[in-house]
Amino acid sequence: MSTSVAVVMGSRSDWETMEHAVTTLKELEISHEVRVLSAHRTPDALEEFVTDVEARGAQVFIAAAGGAAHLAGVVASKTLLPVLGVPMGTQLGGLDSLLSTVQMPAGIPVATLAIGRAGAVNAALLAAAILARSDQELLSRLRRYRKEQAQSVLDVGDPST
């Protein structure tokens, strides 16, 4: 089975957040693989991974990093595939990561999600929506996921009782 989504994070500490993206990908039965690679400390290994996973069928990248969060931008510079950036929370509340991820120069796009867990989950859902454009079975699973999310809100009813 080929890998549809490549999830890459800048350090092991990002896993606490990015496991939510992976859980969502698993729930939607999307093939994926996960690696820790740094834009700054392992640039050659990162470039090799991007080339390799793309050759094996990856269609979307999710890249997460904190601080000077250049990982998504570096991945985007090495592929024409969609790159979804997830800024990590940091000592500065993640604002540094958000700005590093979202402020890409014209010509190298990165779709940037929310800081932290919400961004990780939404990156997986956005990857699913991209893939579902050519996969009717995934589209059905994504519709079911959305219905379940809606029902979980409706099931709350009156929280004051």
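Modeller: Happy to. Val-102 is found in helix H4, where helices are DSSP runs of H or I with at least four residues, numbered from the N terminus. This is a predicted model: local features need pLDDT of at least 70, side-chain atom pairs count only at pLDDT 80 or more, and totals for chains, interfaces and linings use all residues. Residues are numbered from 1 along each chain as its sequence is written, and side-chain values use heavy atoms, leaving out hydrogens and water.

Biologist: Is Val-102 buried, partly exposed or exposed?

Modeller: Buried means under 20% relative accessible area, exposed over 50%, and partly exposed in between (1.4 Å probe, protein chains only). Val-102 counts as partly exposed because its relative accessibility is 38%.

Biologist: And what about Thr-101, buried or exposed?

Modeller: Thr-101 also has its place in helix H4, residues 95–102. With a relative accessible area of 4%, Thr-101 is buried.

Biologist: Which residues is Thr-101 in contact with, leaving aside its neighbours within four places in sequence?

Modeller: Contact means heavy atoms within 4.5 Å. Thr-101 has Ala-69, Ala-72, Gly-85, Pro-87, Val-110 and Thr-112 as its contacts once those neighbours are set aside.

Biologist: How much of the whole protein chain is buried?

Modeller: Of its 161 residues, 42% count as buried. Among the contacts in the protein chain with a separation of 6 or more, 67% come from residues 24 or more positions apart.

Definitions and conventions
Helices (H or I, at least four residues) and strands (E, at least two) are DSSP runs, numbered from the N terminus.
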